[in-house]
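Biologist: I am new to this model and would like a close look at a single part. Could you take me through one chain and how its pieces are put together?

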Amino acid sequence: MAELTELQKRSSQVRRDIVRMVHSQSSGHPGGSLGCTDFLTALYGEIMHFDAQHFSMDGKGEDLFFLSNGHISPVWYSTLARSGYFPIAELGTFRALNSRLQGHPTTAEHLPGIRMASGSLGQGLSVAIGAALAKKLNGDDTLVFTLHGDGELQEGQIWEAAMAAPHMKVDNLIATVDFNNRQIDGDVSDVMSLGNLRAKWEAFGWKVLELDGSDMEAIVKTLHEAKAMTGQGFPIVIIMRTEMGQGVDFMMGTHKWHGVAPNDEQLAQALQQLEETEGDY
Amino acid sequence: MSIHDFNPTEKKDTRSGFGDALYELGKEDERVVGLCADLTGSLKMNAFADHFPDRFFQTGVAEANMIGMAAGLTIGGKIPFTGTFANFSTGRVYDQIRQSIAYSGKNVKICASHAGLTLGEDGATHQILEDIGLMRMLPGMTVINPCDYNQTFAATKAIKDWEGPVYLRFGRPSWPIFASKDSFEIGKAWKINDGADVTIVATGHLVWYSILAAKELEKEGISVDLLNIHTIKPIDEEAIIASVKKTGCLVTAEEHNRFGGLGEAVAQVTTTHYPVAQEFVAVDDTFGESGKPEDLLKKYGLDVRDIISAAKRAVARK
């Protein structure tokens, strides 16, 4: 297991990348990206088995990850680059013309690490079920992971997929919900409440774990626990409580940094709070 | 070969051509998987479902999830064939197809039955007349609308080895069988008859009506150059241009809205390369209604007589 301190260092660097990427084009989604940084760092740094040097679309023999809430692409791009999928310097091209790092993730630019376009919400869980079923048909016992926004759960397709996975006994799938209770227009509980989210997933037939997404140790422990629960005839979902903007004080406690980039002064203020551990791109 | 070679005695629905071919594909290639949203019988997917239960996924009445699952299955190297009605294969899941299949470049075969007016009594909610247009507009999407059982069988077999997303459109009614199973090639028009006076380009069920129309027109001294465009995208530009250069005028015939379908696709070819007068046999921007298939084709201007009069108008405009 990677040392917790190593993962935390990686996290700090990824957060620096996120705010710098979003600042560079004055465009992108820092809030949700910062909230899911520890999760993605743990997933790629400790949990998943993959071969970043030899990316293949079919991912046979490798764990797969699908980012269903594609707008938090900055955290994924940084995590992929720092995991060795593509040159770290390429993070500087985020959202610029002719970049492989499109505003929302795409396969069209052949960026290693990405197997499905996302951005239009609600589609990733269905895709993950398909990929997980293909793994079963192929006798491939590796796993499929997804991440979803909480606002994204308002999409009907999510619940079509939520119904299908237990029915089809898709037990090589671990979904995670980024539950920060924030979406573009305000708090999720005000815009369109998710009600008792745990009870909803349980009623659909999923095993539910909960965790604090700002606690690296808890993330690693819960993901290991989820892995140990696979292969038993049911899918697993982790409801991960997060704080939008985690790690940058003035971006926390509000939905206002969902899709807004920091200006020069705000960038400097954010970077003061985030230690440069692996070197900026 | 000419129109006189076609005097079919046997009839079958095009969807059975799909179901029969899918079953054969299941035997031939383990990568082939089937998905269906609660219409297994209507899509004639039973044989595949019964013989390959591990490779058949019943998704329930949840088309969006079916499309997403199909996209995901390609990642593990599978070749998914999805089956539901044309309306639920396109309009209902347009964004899922756009993002998870077309933009993501996934090798999914979207197979759609009950297209057009000829599904009959269920009426306009199910009679999609816009699907060719919707699918044509998606970058990278191949669009095929076969004309009879044999061509649907051949097309289903052919798309398995055609890399990339495909929309395969077929229908419900029993229809004369006249095409060959062996001569089908994606993207290549089928020349049914050589003629000099007017080009008729037809797709789907209206190919048979166009043969009947061409026979009548010949009796009246108008010889028809008859092309079957089964692959609406990518379209066989060469065949269309060669034909209109010879005849100087054009009729397109399709079971689809006049907007977005075969007629527009052909017009784009001719206006770019060799403009000629064109008459459109298509539904005139309206929804359908309940009725018998052949009665509906008559009421909505897609009958043999409509193709004949369109051909005469086209000739008169030369």
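**The two domains of chain B**

Modeller: Chain B falls into domain 1, residues 10–176, and domain 2, residues 187–316, with bounds that come from an automatic or database domain assignment. Before going further, note that this is a predicted model, in which local features need pLDDT of at least 70 and side-chain atom pairs count only at pLDDT 80 or more, while totals for chains, interfaces and linings use all residues. Residues are numbered from 1 along each chain as its sequence is written, and chains are lettered from A and ligands numbered from 1 in the order in which they are written.

Between the C-alpha centres of domain 1 and domain 2 of chain B the distance is 25 Å. Their contact draws 27 residues from domain 1 of chain B and 30 residues from domain 2 of chain B, two residues being in contact if their C-beta atoms, placed from the backbone, lie within 7 Å. On the side of domain 1 of chain B that touches domain 2 of chain B, at least two residues each are supplied by α6 (131–136), β6 (142–144), α7 and β8 (174–176) of chain B; here helices (H or I, at least four residues) and strands (E, at least two) are DSSP runs, numbered from the N terminus. That side of domain 1 of chain B consists of 13 nonpolar, 10 polar and four charged residues, where Ala, Val, Leu, Ile, Met, Phe, Trp, Tyr, Cys and Pro count as nonpolar, Asp, Glu, Lys and Arg as charged, and the others, Gly among them, as polar.

Helix α7 (residues 149–160) of chain B also packs with helix α1 (residues 14–28) of chain B, at an angle of about 35 degrees and with the axes 7 Å apart; the axes are lines fitted to C-alpha atoms, for helices over the stretch in contact, and angles run from 0 to 180 degrees between N-to-C directions. Among the residues that make this contact are B:F18 and B:L22 of α1(B), and B:Y149 and B:F153 of α7(B). By class, the contact of α1(B) with α7(B) has six nonpolar, six polar and four charged residues.

Two local backbone features of chain B complete the picture. B:K44, in the loop between β2 (32–36) and α2 (46–51) of chain B, has a positive phi of about 60 degrees although it is not a glycine. A cis peptide bond, with omega about -5 degrees, joins B:K233 and B:P234, and B:P234 is found in the loop between β12 (231–233) and α9 (237–247) of chain B.
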